[in-house]
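Please read them alongside the coordinates.

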Amino acid sequence: MSVEITWWGHATTTVRDSGVRVLTDPLFVQRLAHLRRRRGPVPPPAAAVADVALVSHLHADHLHLGSLMRLRPGTRLVVPRGAGRAVPGLRRVARARELRVTEVRPGEEIAVGEVRIRAVPAAHDGRRLPYGPSAVPALGYVLRGEATTYFAGDTGLFDGMPRAVGDCDVALLPVGGWGPYLGHGHLDAHRAAEALARLGARTAIPVHYGTFWPIGMDWVRPHEFHAPGDDFVRHAGRLAPDAVVHPLRHGECVRLETAR
């Protein structure tokens, strides 16, 4: 039994499990407002092909309307409950691309083929900035097929994380960000390694780093752009020595065998 994971950059991945293609937080642009893609090409058209796309929260680098327009007509789209009300443009995109939108809150579960997808909490302010209803939750997702894969979205450490997520084979963990400083509700490389140790996942893939950076700030704390992946490997080796970490290059795919 196996699962195949491709990292396209930032929080965008494709998880293939049990014949189902799951796309996370699609972001298919060279530039987003004041951010530009500094590493890795814009994902190819094949990256937008999925059976279901998951959106973790409403920030524009995670719920990006232009990228959702690249999804195939009829793709299922899973978003936090209240997203359609908070982001009116989402409804227009859904109509234009005939997306089948499902809004979920923590604890709710859907099935796509042989994969069951459960929404779990995230410790993150996921409202649509600069304003928006704070009642719309930020989410992570647990995908259970041949393997169990946890996509954390954006989150800080929180009490009850292992209980909320449950046993998992693979953890896709954010280890950085898109700027020189991480605010509250994020994991850096060290805290992501702590999360990995708490979760007890057998395998981890670092995401959400080394892709976008503010224009004109290339030399402001550049280690926060370049170093998080390697730092996560180092911290995980100390805090979660039984886990295997796969730091992927942009567009790189890894096939993981599971024990089940």
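1. I begin with R38, which is partly exposed, with a relative accessible area of 27%; here buried means under 20% relative accessible area, exposed over 50%, and partly exposed in between, computed with a 1.4 Å probe on protein chains only. The side chain of R38 meets that of D218 in a salt bridge, at 3.9 Å from N to O, where a salt bridge is a side-chain nitrogen of Lys or Arg within 4 Å of a carboxyl oxygen of Asp or Glu. This pair links distant parts of the chain, 180 residues apart: R38 sits in the loop between β5 (35–37) and β6 (52–54), and D218 in the loop between β15 (212–214) and α6 (223–226). D218, in turn, is buried, with a relative accessible area of 18%.

2. On provenance, this is a predicted model, in which local features need pLDDT of at least 70 and side-chain atom pairs count only at pLDDT 80 or more, while totals for chains, interfaces and linings use all residues. Residues are numbered from 1 along each chain as its sequence is written, and side-chain values use heavy atoms, with hydrogens and water left out.

3. The structure holds 13 salt bridges, and one of them joins the side chains of E4 and R16 at 3.5 Å, N to O. Because E4 lies in strand β1 (residues 2–9) and R16 in strand β2 (residues 12–17), the pair ties together parts that are 12 residues apart in sequence; helices (H or I, at least four residues) and strands (E, at least two) are DSSP runs, numbered from the N terminus. E4 is buried at 18% relative accessible area, whereas R16 is partly exposed at 38%. Both residues belong to a network of salt bridges that also links R255 and E257.

4. D188 and R191 form another salt bridge, with the closest N and O atoms 3.2 Å apart. D188 counts as partly exposed at 24% relative accessibility, and R191 likewise counts as partly exposed, at 29%.

5. Together with helix α5 (residues 189–199), β13 and β14 make a right-handed β-α-β unit, right-handed meaning that, with the strands pointing away from the viewer, the path from the first strand over the helix to the second runs clockwise.

6. In helix α3 (residues 88–97), the residues G89, L90, V93 and A94 are buried. Seen down the axis of α3, its buried residues fall within an arc of 140 degrees, so they line one face of the helix; the arc is that of the directions from the helix axis to the C-beta atoms. On the other side of α3, R92, R95 and A96 are exposed. The buried residues of α3 pack against α1 (65–68), β7 (76–80), α2 (83–86) and β8 (100–104), contact meaning heavy atoms within 4.5 Å. Finally, α3 is followed by E98, whose phi is positive, near 55 degrees.
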